[in-house]
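This report concerns the sheets and helix packing of a single model. Please consult the sequence and the coordinates alongside the text.

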Amino acid sequence: MKAITLLGSTGSIGTQTLDIVAQHPDKFRLVGIAAGRNVGLLARQIEQFRPEIAAISDESLLPELREAIAHVDPQPILTAGAEGIKTVAAYGDAEAVVTGIVGCAGLLPTIAAIEAGKDIALANKETLIAGGPVVNPLVEKYGVKLLPADSEHSAIFQCLQGVLDGGLRRIILTASGGAFRDWPVEKLASVKVADALKHPNWSMGRKITVDSATLMNKGLEVIEAHYLFGMDYDDIDIVIHPQSIIHSLIELQDTSVLAQLGWPDMRLPLLYALSWPERIYTDWQRLDLVKAGDLTFREPDHDKYPCMELAYAAGRAGGSMTAVLNAANEQAVALFLDEKIAFLDIPRVIEKTCDRHQGNNCQNPSLDDILAADSWARQAVLEASQDLNKGDRILSLR
């Protein structure tokens, strides 16, 4: 039985991870759990899975959580706030930590888990996008495994099993195209929040669903693939695959291409990250290629998805620029969800923020440098958005 800890238990990644634990009680044991602000759901999870320790990110909600689980026996250790989540991440005999916290907030708990010698099932892409220059050396220093738990990078990882060093030639990331894949570019000026949250294939949180609509999620995955697999940005491609059956592909040196296929189900990559190198039997729906039907592909529309080019540019710039890109995107998406900027303003404010950072890009950033860049970028986006609101429109993307 593998002991695991789960960060972000009440989100999409967290609830699906707990589905796996519930379906395989002989394989997995929950040691620690951490969540954001959903006291009710967290309390029910604590009651069902009986972790040894639990945390809630909002310290003001700790008394409410304590009352909600007063009947649970034995009582878990309860903690709260950013430090509390780090405590959970490093706690006890957990062998692996699933990092399902959305955004850069997942970086510090992930580092705490690595420094405690725990393997990472990485469902928080921002950990590497913002912190790759720091996280990768720590993974090597502490001798832990960093296993991708999102569908695209899990697909690449699965395809690489048995491929010798030097055999990989190219990575091909598939993208659904998000809510607007069939919209003309001209119509994007009228996008509302509700439109951006209608993902055609996946059920995800609000932030990642908007990232899918801008295709920034795929740009961020390009940066993550660079750090996970050591590939140059020129050797990582994106292709639109509307059916989301092929989750990504690799090309080998002899031009052979390998792909991982399956129904759109986040439990598959999560299970593989937790069980690797084993394969655990499930009774989930098996892939029927006839039922899946035609599998189609097309090149991304760069006019519709300018965030892709911003991500490639930030990745090639390296250093602290990817942390700035990530933070700027998080802040811009939050402003859009709050209806404070328009959909098309998201790439505009991100580009302006990255442009401002060029002269201060730190090529070998420390953790403090990354956190400072993250904080600076969020403020820079707020300033850029105020310029937009005043009518000082940012020039069209190059």
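Is the crossing of helix 13 and helix 15 left-handed or right-handed? The crossing of helix 13 and helix 15 is left-handed, a term that applies if the near helix is turned anticlockwise from the far one by less than a right angle, with clockwise giving right-handed.

The model is predicted, so local features need pLDDT of at least 70 and side-chain atom pairs count only at pLDDT 80 or more, whereas totals for chains, interfaces and linings use all residues. Residues are numbered from 1 along each chain as its sequence is written, and side-chain values use heavy atoms, with hydrogens and water left out. Helices (H or I, at least four residues) and strands (E, at least two) are DSSP runs numbered from the N terminus.

**Helix 13 and helix 15**

The axes of helix 13 (residues 306-317) and helix 15 (residues 345-357) come within 9 Å and cross at roughly 20 degrees. Helix 13 is therefore roughly parallel to helix 15; angles under 35 degrees count as roughly parallel, over 145 as roughly antiparallel, 65 to 115 as roughly perpendicular and the rest as oblique. Axes are lines fitted to C-alpha atoms, for helices over the stretch in contact, and angles run from 0 to 180 degrees between N-to-C directions. On helix 13 the contact (heavy atoms within 4.5 Å) is made by P306, C307 and L310, and on helix 15 by P347, I350 and E351. By class, five nonpolar, no polar and one charged residues take part in the contact of helix 13 with helix 15.

Seven strands form an open sheet in the order 4-3-2-1-5-6-7, with parallel pairing; two strands pair if DSSP finds at least two bridges between them. Strand 4 (77-80) and strand 7 (146-148) are the edge strands, each pairing on one side only. The twist averages 20 degrees from one strand to the next. Helix 1 (residues 12-23) lies across strand 1, strand 2 and strand 5 (96-99), and runs at about 160 degrees to strand 1. Helix 2 (residues 39-49) also packs on the sheet, where it touches strand 2 and strand 3 (53-56), and its direction makes about 160 degrees with that of strand 2.

Strand 8 is mostly covered, with six of its eight residues buried; buried means under 20% relative accessible area, exposed over 50% and partly exposed in between (1.4 Å probe, protein chains only).

| Strand pair | Sense | Bridges |
|---|---|---|
| Strand 1 and strand 2 | parallel | six bridges |
| Strand 8 and strand 9 | parallel | five bridges |
| Strand 8 and strand 10 | antiparallel | five bridges |
| Strand 10 and strand 11 | antiparallel | five bridges |

**Helix 9**

Helix 9 (residues 206-214) is mostly covered, as seven of its nine residues are buried. The buried residues of helix 9 pack against helix 6 (126-142), helix 8 (193-196), helix 10, helix 13, helix 14 (321-337) and helix 15. L215 follows helix 9 and has a positive phi, near 65 degrees.

Conventions. Ala, Val, Leu, Ile, Met, Phe, Trp, Tyr, Cys and Pro count as nonpolar, Asp, Glu, Lys and Arg as charged, and the others, Gly among them, as polar.
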